[in-house]
Amino acid sequence: EEQIRRKKREDRLEKMRHNVQLKYAAKRRRSEEDETKRLLQLSKEVLSEGAGVDGLDQLDHSEEELILAEYESDEEKKVVSGLEEDDDDLEEEHVTKIYYCSRTHSQLSQFVREVQKSPFGKDTRLVSLGSRQNLCVNEEVRRLGALQLINDRCMEMQKNKHEKRNDEEMDGKKRRVSRTVCPFYSYEQMQFLRDEVLVEVKDIEQLVALGRENKACPYYGSRYAIPAAQLVVLPYQMLLHEPTRSAAGIKLKNQIVIIDEAHNLIDTITCIHSAEVTGSQLCCAHSQLLQYMERYRKHLKAKNLMYIKQILYLLERFVAILGGNVNQNPGCQAVSQTGTVLKSINDFLFQSQIDNINLFKVQRYCEKSLISRKLFGFAERYGGPAAAVKTNKENQKLAGLQNFLLTLQQRSDKEGNPPVEVEDDQLRTASPLMQIEGFLSALTNANQDGRVILNCQSTVGQSSLKFLLLNPAVHFAKVVEECRAVIIAGGTMQPVADFREQLLSCAGVDPARVVEFSCGHVIPPENILPIILCSGPSNQQLEFTYQTRDLPQMMDETGRILCNLCNVVPGGVVCFFPSYEYEKQVYVHWEKTGLLTRLATKKKIFQEPKKANQVEQVLVEYAKCIKRCSQGGGPMTGALLLSVVGGKMSEGINFSDDLGRCVIMVGMPYPNIKSPELQEKMTWLDKTMPRAAGQAPSRVLIENLCMKAVNQSIGRAIRHQKDFASILLLDHRYARPTIFNKLPQWIRERTQVKPTFGSAFAEIRKVRACILCTA
């Protein structure tokens, strides 16, 4: 039977290569097109019969695409003409496969290259998935930059293509105005691309190059290859978010999932399923949607109008609970009571007076009707220069939309807000309703699994509503329930208790099913020198608590340690601080005391930038300086990089070889326990989790967050088998058993605790002597 199934599968694959149409007909899209066509035809008939519709309600051809199709809820679904009931039989059977996930596309590409080099490379059917932002080959669309704009434009061009095809089939009828279609969205070429993907292993870059060469869309071509693939490579955000997973055609039943770089898996799930909307977004969405409804009221069916009015009411209540009014400029409305308030989901719904609205139905309507996309097209049409808008009463009202948005921006500028980066500016032009849909979706979580945070600032525009997910296991449960096996892997996963308790145990996984495996490092023991330093050169005890780390003597002691180390350590030294603010404070203090000048005689000093687009430039200059110093033989021996735990350089950056011969961790980077989000998470853990080894779950959480950040940062130094480095942990608290045991095993078993600086410095000098002898 298995052989027969395989034969059928191969025959189906062969049939795919010669079939001129793709087997995946998008049911929702076709249904929407048929309904829109029928609705528009009906509207034209009504208009031609003179049914009392005035000139303001007549639409030109370019506006027809903005009309919402007739919406049918799940209870009223009908069999749409032209769709066969056995369409699902055309779908390719999903073979057993491995879904390999990692954090970034560069990490995925690295993995794919290893597969290509392996003995399995030629026989493995591998598919690389990504977003349109990574896979789109249409330069006109790519130039939009922001992901939401790219998605909207792509969907619009697909619709235009189908409408063009339908128009060509309408003999003797007036054709609509010509609109742009995507030249890469070709059935035949995407089918060819899909087969090419299955024949030979390709990473994202090779897939994009092949798409350009063959004039085929890699985004859709790769998705059509999923059922027959044996190995699917994708970012783990795509797998962990169920709607995205479904849209991509990923089926986890009896499959194998590998989540690599999983040290921040819990934070990722929490982030994906949390949502925040500002007062400005709420008011802007209300203004757009209200004007949309007024413009097309007589062209919309009753069910569409009902849902639009419900959404308008929700927006009004959300702004009201922030202390504002949707009919006024949010940037000019002052908030009487500022501060942060946390509420359970039910309390928020009751206080907002929206508990009588079925949010599940509203969410489903937003998803199925594509209302945010229609609204984006509407705002784009009437948000341009006023001169481009027709001068009638209705359009004069709509022209006010641009003035409203402009007022928001000018108000933000006047209040002295920092300049917004290009990415944020582009995102702001997308439909605000899309962000609000995410918030509505978040409110459908169970009452005990999340909290709503009301953050009231000086104005309604600056205030926000945020949903905080407390129980990430509720969204991870489906993955572990459906899959045959789930592997959670990473280079520095310690401490692993969080994964067992907060993810697996809460997801209902049987403890007997959980197998933990940890191995040593490939480097020999003598290639790493981890030291916990308890005091500095002047015998000042090192304890960087919030109360003591700002003391001048603590900052001076840190500077003295760095000066001594920079005198003997060759190449690059990377020093991690708990935060940007503390790093800046120490830097300014060292400037005043002259210690910075002393450091600069041996190492050129670099600081980690806050802006992501400047990181690469700093790293290049840092590497160039180290290479120049190693070849020059002058008094300067390399460079010192002042970095921040949790910053751009604490994850995913390779300080290999001379780039990181010594990594220094200043203090312990505990999170801010005064954060309302963290306090709520701690309270929730104490209520739902059992005490472990006499410690409260909230205390364990704080320590684990700190040590995960430490382990990620110090792991930047050792990057290959022949690499070597020293690691200094500057704080006597690292020697405490509860903290010490949370270091990675390969570091912990080689760590030395040094009460005085002299003994630690002697060990580092020995390493220096060994390096010179080897050289």
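**View 1. The structure holds five cavities of 30 Å³ or more.** A cavity here is a set of points on a 1 Å grid over the protein atoms alone where a 1.4 Å probe fits but cannot get out. Grid points are joined across faces, edges and corners, and a volume is the space filled by probe spheres set on the points. The model is predicted, so local features need pLDDT of at least 70 and side-chain atom pairs pLDDT 80 or more, while totals for chains, interfaces and linings use all residues. Residues are numbered from 1 along each chain as its sequence is written, and side-chain values use heavy atoms, leaving out hydrogens and water.

**View 2. The largest cavity has a volume of about 150 Å³.** Its lining has 15 residues, and Cys136, Asn138, Cys154, Cys182 and Cys217 are the closest to its centre; a lining residue has an atom within 4 Å of a point. Two elements, α6 (147-169) and α9 (218-224), each give two or more residues to this lining, and α6 gives the most, with four residues. Helices are DSSP runs (H or I, at least four residues), as are strands (E, at least two), numbered from the N terminus. By class, the lining has 12 nonpolar, two polar and one charged residues. Ala, Val, Leu, Ile, Met, Phe, Trp, Tyr, Cys and Pro count as nonpolar, Asp, Glu, Lys and Arg as charged, and the others, Gly among them, as polar.

**View 3. Phe318 and Phe348 form a stacked aromatic pair.** The whole structure has 14 aromatic pairs. In this one, the centres are 5.8 Å apart, with 25 degrees between the planes. Rings of Phe, Tyr and Trp (its six-membered ring) pair if their centres lie within 6.5 Å; planes under 30 degrees apart count as stacked, over 60 as edge-to-face and the rest as tilted. Phe318 belongs to helix α14 (residues 302-321) and Phe348 to helix α15 (residues 345-351), 30 residues apart. Both Phe318 and Phe348 are buried, a word that means under 20% relative accessible area (1.4 Å probe, protein chains only).

**View 4. Tyr185, Tyr219, Tyr220 and Tyr224 are linked into a cluster by ring pairs.** Look also for Arg223, which lies over the face of Tyr219, at 3.9 Å from the ring centre. A charge sits over a ring if NZ of Lys or CZ of Arg is within 6 Å of the ring centre and within 35 degrees of the ring normal.

**View 5. Asn329 is in the loop between α14 and β6 (339-344).** Asn329 counts as buried because its relative accessibility is 17%.

Terms used:
Buried means under 20% relative accessible area, exposed over 50%, partly exposed in between (1.4 Å probe, protein chains only). On a 1 Å grid over the protein atoms alone, a cavity is a set of points where a 1.4 Å probe fits but cannot get out, and a pocket is an open set with protein on both sides within 12 Å along at least five of seven lines; lining residues have an atom within 4 Å of a point.
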